[in-house]
Protein chains: 8
Amino acid sequence: MNRERLQQLLQDVADGRTTPSDALDQLRTFPLERLPFAQIDHHRALRQGHPEVIFCEHKTVEQVVGIASRLATANGAFLGTRATAEQAKALVAAHAWAEWDPIGRTVYLPPDPEPQPSGGPVLIVAAGTSDLPVANEAATSARALGLEVERLTDVGVSGLHRILAEEQLLHEARVIIVVAGMEGALPSVVGGLVSSPVIAVPTSVGYGAAFSGLAALLGMLTACASGLTVVNIDNGFGAAVAAARICRTPAPTT
Amino acid sequence: MNRERLQQLLQDVADGRTTPSDALDQLRTFPLERLPFAQIDHHRALRQGHPEVIFCEHKTVEQVVGIASRLATANGAFLGTRATAEQAKALVAAHAWAEWDPIGRTVYLPPDPEPQPSGGPVLIVAAGTSDLPVANEAATSARALGLEVERLTDVGVSGLHRILAEEQLLHEARVIIVVAGMEGALPSVVGGLVSSPVIAVPTSVGYGAAFSGLAALLGMLTACASGLTVVNIDNGFGAAVAAARICRTPAPTT
Amino acid sequence: MNRERLQQLLQDVADGRTTPSDALDQLRTFPLERLPFAQIDHHRALRQGHPEVIFCEHKTVEQVVGIASRLATANGAFLGTRATAEQAKALVAAHAWAEWDPIGRTVYLPPDPEPQPSGGPVLIVAAGTSDLPVANEAATSARALGLEVERLTDVGVSGLHRILAEEQLLHEARVIIVVAGMEGALPSVVGGLVSSPVIAVPTSVGYGAAFSGLAALLGMLTACASGLTVVNIDNGFGAAVAAARICRTPAPTT
Amino acid sequence: MNRERLQQLLQDVADGRTTPSDALDQLRTFPLERLPFAQIDHHRALRQGHPEVIFCEHKTVEQVVGIASRLATANGAFLGTRATAEQAKALVAAHAWAEWDPIGRTVYLPPDPEPQPSGGPVLIVAAGTSDLPVANEAATSARALGLEVERLTDVGVSGLHRILAEEQLLHEARVIIVVAGMEGALPSVVGGLVSSPVIAVPTSVGYGAAFSGLAALLGMLTACASGLTVVNIDNGFGAAVAAARICRTPAPTT
Amino acid sequence: MNRERLQQLLQDVADGRTTPSDALDQLRTFPLERLPFAQIDHHRALRQGHPEVIFCEHKTVEQVVGIASRLATANGAFLGTRATAEQAKALVAAHAWAEWDPIGRTVYLPPDPEPQPSGGPVLIVAAGTSDLPVANEAATSARALGLEVERLTDVGVSGLHRILAEEQLLHEARVIIVVAGMEGALPSVVGGLVSSPVIAVPTSVGYGAAFSGLAALLGMLTACASGLTVVNIDNGFGAAVAAARICRTPAPTT
Amino acid sequence: MNRERLQQLLQDVADGRTTPSDALDQLRTFPLERLPFAQIDHHRALRQGHPEVIFCEHKTVEQVVGIASRLATANGAFLGTRATAEQAKALVAAHAWAEWDPIGRTVYLPPDPEPQPSGGPVLIVAAGTSDLPVANEAATSARALGLEVERLTDVGVSGLHRILAEEQLLHEARVIIVVAGMEGALPSVVGGLVSSPVIAVPTSVGYGAAFSGLAALLGMLTACASGLTVVNIDNGFGAAVAAARICRTPAPTT
Amino acid sequence: MNRERLQQLLQDVADGRTTPSDALDQLRTFPLERLPFAQIDHHRALRQGHPEVIFCEHKTVEQVVGIASRLATANGAFLGTRATAEQAKALVAAHAWAEWDPIGRTVYLPPDPEPQPSGGPVLIVAAGTSDLPVANEAATSARALGLEVERLTDVGVSGLHRILAEEQLLHEARVIIVVAGMEGALPSVVGGLVSSPVIAVPTSVGYGAAFSGLAALLGMLTACASGLTVVNIDNGFGAAVAAARICRTPAPTT
Amino acid sequence: MNRERLQQLLQDVADGRTTPSDALDQLRTFPLERLPFAQIDHHRALRQGHPEVIFCEHKTVEQVVGIASRLATANGAFLGTRATAEQAKALVAAHAWAEWDPIGRTVYLPPDPEPQPSGGPVLIVAAGTSDLPVANEAATSARALGLEVERLTDVGVSGLHRILAEEQLLHEARVIIVVAGMEGALPSVVGGLVSSPVIAVPTSVGYGAAFSGLAALLGMLTACASGLTVVNIDNGFGAAVAAARICRTPAPTT
């Protein structure tokens, strides 16, 4: 039952063509799908303020280009993550203004004009240069979600002075996303320095006992600094959405 | 080098007893520990606004009581987590106003008067009654961190109507902590319904292939709803601190 | 919005106190919880025809007895699984007709009169005597679900003639539940002998590389006989419910 | 001893050429292989009503084509699963009526005429589009097994309204196969909505902590909805056979 | 169909009461269970020449004593493994000649007279004193299986001279069972010194990364000495049976 | 100290050039390497009666060909395992009589004349055709070790009659090597049928929860049939050497 | 052949009772055990300069006391690790001067007089108070090994200033043992601050995803600071021995 | 605040332009980054005496060549590890004196003149030829760190005489790095023979249950020889740095 049919039913009641009791029966047995969920969902999309995202992995070039075109037409923007070079080139060929980041494997077509970022600066910290693909994915995703992004790179715990030297930057961030592979210790250090939300992203960087990110994941989950939260291995996009959930919700008016 | 010694050094330069060049050498090789870090740390404690917490596991009754007394004297408050019945009874015997929650295994001595909670309501959702110990730990911790707490219990995904019936409550929360064991699917459902921050806490509830919380942990990390974050298994306290990090930081004034 | 409020709204439309358009707005934004889900749920419970089940693990004796009494009053029946001796004795003390199976750790109060089992015989096969606790839990659960139960015990694959000697019994079953620990090979053998549904239940029986049921679980999932299905380790109750899902649904009338 | 030799032995007894005692000795020591097992097996094949299936993985193109031709000659039908593009093209080249599904990686030569499906509709639900390869394998396998197939796609739990909107379809199915990767939560939701058999198929979709389907597998095994059963990761074919085991067995005539 | 019924059928054919064709039908459809498998099994037991064994774990004292008494009556001997002190004391109380080994957790009632061991000496090597429980279980089991047993203890690889000093003993053994925990390296060393069969038994001795025997198990499976074989963790009994399989089979007469 | 130097020392003692006491000191402090271990090792090689084996994996074509040529010159024979097609072709090009088995990935140059196999027939059983690579490696290795080899293929437990039909062959074998992937249940069945040594080889065949052979490995280690032994995943060569250890050692003359 | 027999043989050669050639034969076939290895081993013990150590776990009180008494008589000293309270009390009852550390679970009877420690200070750093048991075991073990010990406690990475404040102490140590549980990040930080040897000891402290020390172990193995080494989980004794290996070997005189 | 700014501040105090009190305030609130950490870090590099190292994995050829050129200019030396053939060829093309080891995958440009190695011989032991890549990486890294390197190869525990024959070499080493795959038992044997530091490097050599180095890693961590330390799987470079930490630190002058 879409809006039209529901309106009709109520009109029928108003007009006496249907008794309240009959209408009640119809409403009670309404399959849930008849409720205008699509709109509700649409509302949620509006609230979150971000264009739909194309997870390009396991998709063909044709599929990716097709979805992107549909999104570009509807929203004037799209974001593709985990794009191969071939997918990316096809997307850029079709959308001249799309920006391809080969390291972060993203292709982003920003809306025109791109809205002013809001919600406070999100600081994306990468422990090492090998963590850049994930950090870049997080950064582009955060931008596409309308957030203001700051960056800090190569500040791993084996040279503490590097992160300590940037303590001011850490304190000014609304949310900090810390991307680290190997032993994944950087979020623990950052979490001990600031009281703001810290989202840890383990990466699959490292070999041997890193076990494709397992070491970093477990390390972050068991971090001795309290109140860190963790997302899936290599999930820069997820971290950005988590940051958006924090930044975009209006603080309560107490 | 503490403040006094640093002051002396500078006075010596001012007085000509030490040349700038000699002072430079001394400062360059200053061990870092001479900087007044303790104060900085103190500031951080003040900023986070919460009393120190006693993790009672693996501590003797005497140790727990001793630490609690010191905290009670200093702050007029303390929170003990993972307390055994024996530890709890000793704490309550020593501090008549301390509140023991045998399910959540917490003992909390609130400050008097207890400050007004602030930062927006934190909603703590427990999938099943078996998840109550962790949910209670989160709730008491959140209260001790000065947060306003709402509760929702026994709303697992095998009976969807239970969580759907509370959608209003979900939408009103500033942060949602979802506590679930077994397959840990509830955060994914909640994350799809709201756009606010969702912190997922896997519990060790379940048997067999639940593998002491591993199933729930992996399920939450790979949730198809974007932007969820996860803390350690059974870590209700950590989830509360994560919520406090989100709620207590003033939103940027853009 | 419960039935009464919905009825009122429709009456208001019929009476002209509310315009169809206003009613539409109210219905569109109806929180889902206002729909009479409880009844739907109730319908589901009726359809599945089984009393509610008490998972006794991690519950206090008082909690277990309390829930059981409520169920006994409402349904004249209850089933408790994973009951300790202490819980069981308290249940039997409170409900003289309740039957305690110390091996299967179940306490079952059958309805009086107990309905005739239906849906075809469910054959519960236990590879070894050590698998009896799980097989018994499955058997009592199946009985409580209104199913007819046959049993076969100690027919592991290291003595093939034992299971081959019972091939007739295997062929006559509507559903076969195969309970096995250690290497969990029995379901594969049974699945190769019959074409009916086979539900495999790995048990935590075995030591060392059995890894608390992991060996049996993986063995059953990778069984070379096609079309076996698997439930959680030691989950005799779950297997019984799965059997009931198969037996109680009326076959389509084609 | 095949049928002929057994017949001869009995004739010898009847004719007095062999004493009953000698015949007894021969029968007692008969190697089991002398019994006409092949026929019994043949009966089983007939009972299950499905053509033999070629698991193409790890086979050469020549092997696959050779087996398929033999099956096509014998049965006028074959089903190849996990076929590479190269294998598939060779099969289609050799059998013009064979149907290749590049997503599901199946090649199916249906019998001519294809028999009317029976046993009730099997509903195959895929959580996301990435789960389509496994869902398609299940669908084609179910069709080859003579089952009637319905489909539902992209109804993951992060947007609950999508599955709720199809509740009617869920209720009408004889068996539901739910294919899901990542956290694998969809079967739990579906299992809570219906009382019919639900077969969960974890897929290797997802990255990081999905650990190639482990997260979904554990999630499904520990699902809080009772009575779900699970097959191996990515095993769409196995799920279809499990569904056939349920649908093809005549319900008992009570 | 037992021997009697089969004999009757053949007599009926001989007497003309049954035609060969009718007898054929009966034999063809004989359920396999009608064949006198029990005897065949009995033959196998005789061939292996060992009394039945009681795995005491998870059994009550009553069950253990009951089974043992039945075996003692039938065979004049029994072997109980993994016996608790309580079980052992009850067995010894009931059978004065039974021998309890509290370290190996076995209770053995030898036949009277105990037969002469045969099949060549089996050498049981324990890496450390902590491996003695498993080595003892293997030794008593081997004795009960009629094997001649030699022992060597505390010859771990961290002091190579200890095992090298016993090279003569190693060369004289028919089969060597090597019991080792922690890194499980001893079998690799022994396997490099001798050309006879080496059966490696990982034990759960060790802590931390020993992971209850996993380290030793993996180490033995990947040993660089060729031709070692491995049994389950802590499975001294299984190693003894494997040795008996090697020693008791007559070498071929080529 | 090689033989010559040791002879010289003793001659010096005999000639009075060295006192026994001085000689004792020299011998006591002899570095162990001075003992003629190489010969002892040579003896061992002779005892085991097999040519050296080239594990080709991770070696260059040049290395493989070089080692093979050296072995061919020394022994007139060699065995290469895990050979790539490229390596194999180079070996056959250099040694015209070498035999390449592309399925088992072995290249074997038999000695001329090839000695009569001895030690009793080794039966190599492969559960499915996908297990043939490992079974073939075992077969060629056993042949190169001088053993007589019998084969049995595609007799998995899902069609029990296939293995039961070959019971005679099973009973006649001196040693049985059972190669199986997926759930690895076949060794348990075979071990229950015979009393001779059974060596189980798990293969990496299977997908999903087979976890590259882990399921089969754990299944074999926990098999309910007693006295099975297990080698590494896919280690056909190791199983053959284990069989040779059993067959080549003269049975004790008791 | 012990020293006496070897001396006799040489005397026989000197006396002409044995020819050099015969003696050669005897020596060539000497089982290795005839060499006076025990002494060599004794030398090694002397070189390492530490009393033998009793690993008390899994030993009875009687066994522990017995071994300790033998060691006390021989060396005037002993060290027991992993002692239960019961074992410790028995040891102290028997040896009045023995020192029991209930936290580190060690009982140490120092030699009288206790030698001056040497080899440079070993700094034992514990991340948290929960790591004290392992740190204490390391400290007492190091003392028993004759090393000079410094301590630093509760300097985890979540409060960086604590470890930075002690940089001087870090720089002065000859070897640093870093004991840490949970995410095990402290060694990485320490390793980045100093250039001396750092031995990391993961502890089983932490819950949930700490998985009994696995998280810390993997974290330390994959630490981004180069040149850290790791010992087994909770292995304080092993870390002390590793430190002794570093400190006690004379630096080469280049 | 770099050196210049700090000097200026002190000069201002000396000149009376700034009071000591104001300078104190500035120094107290100095963000830590203002301290001349780079120099301190530089000091550490100098102390460790090794050129910076390029971890080539996951870097493009351009990146690798660029970093190498910068290092060559600054230090006249560089070391690249884990270099692909393409990266290596580009490096050698750009730096004619660079030495490429295709087995160890290193490219090393030594300083000219190369300094005399010091700190005592580091002995690098490889269990098998398959372990050479990791052993070579360790050797080249040790050379680049200024250490004297000895080598020993193919001395695995399955032929003990090989390692025993080199006992002298083992005793002369300052530090021993033992590289081994499969069961990783060699370090345990070596650790039992010497009292000097032993660093164990597990390699990913082996198949099946070697699980990419896990078996060797666990074996080394649980080695029965005390005081071994372990680095990450395949981490030859890390082992070399650990050796340098031991060798380069001056022994204390007690």
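The model is predicted, so local features are given only at pLDDT of at least 70 and side-chain atom pairs only at pLDDT 80 or more, while totals for chains, interfaces and linings use all residues. Residues are numbered from 1 along each chain as its sequence is written, chains are lettered from A in the order in which they are written, and side-chain values use heavy atoms, without hydrogens and water.

**Chain A**

Chain A holds 11 helices and nine strands, these being DSSP runs numbered from the N terminus, with at least four residues (H or I) for a helix and at least two (E) for a strand. Of its 254 residues, 59% are buried, where buried means under 20% relative accessible area with a 1.4 Å probe and only protein chains considered. The accessible surface of chain A, computed by the Shrake-Rupley method with a 1.4 Å probe, comes to about 9,600 Å², and carbon and sulfur atoms account for 53% of that area. Among contacts (heavy atoms within 4.5 Å) in chain A between residues at least 6 apart in sequence, 65% join residues at least 24 apart.

**The sheet and helices of chain D**

In chain D, four strands make an open sheet of mixed pairing, in the order E1-E2-E4-E3. Its edge strands are E1 (53-55) and E3 (99-101) of chain D, each of which pairs on one side only; two strands count as paired if DSSP finds at least two bridges between them. E3(D) and E4(D) (residues 106-109) are antiparallel over three bridges, and D:Asp101 has D:Thr106 as its bridge partner in E4(D). Helix H4 (residues 61-75) of chain D packs on this sheet, touching E1, E2 (78-81) and E4 of chain D, and its direction makes about 175° with that of E1(D); such angles run from 0 to 180 degrees between N-to-C directions, with axes fitted to C-alpha atoms, for helices over the stretch in contact. Helix H5 (residues 85-94) of chain D lies across E2, E3 and E4 of chain D, at about 165° to E3(D).

Elsewhere in chain D, helix H10 (residues 214-221) has seven of its eight residues buried, among them D:Leu217 and D:Met220.

**Strand E4 of chain B**

B:Thr106 and B:Tyr108 point one way from E4(B) (residues 106-109), B:Val107 and B:Leu109 point the other way, and all are buried. The table gives its two pairings.

| Partner strand | Sense | Bridges |
|---|---|---|
| E2(B), residues 78-81 | antiparallel | three bridges |
| E3(B), residues 99-101 | antiparallel | three bridges |

B:Val107 is the bridge partner of B:Gly80 and also of B:Trp100. In the hairpin of E3(B) and E4(B), with four residues between the strands, B:Arg105 takes a positive phi near 55°.

Methods: Buried < 20%, exposed > 50% of the residue type's maximum accessible area, 1.4 Å probe, protein only.
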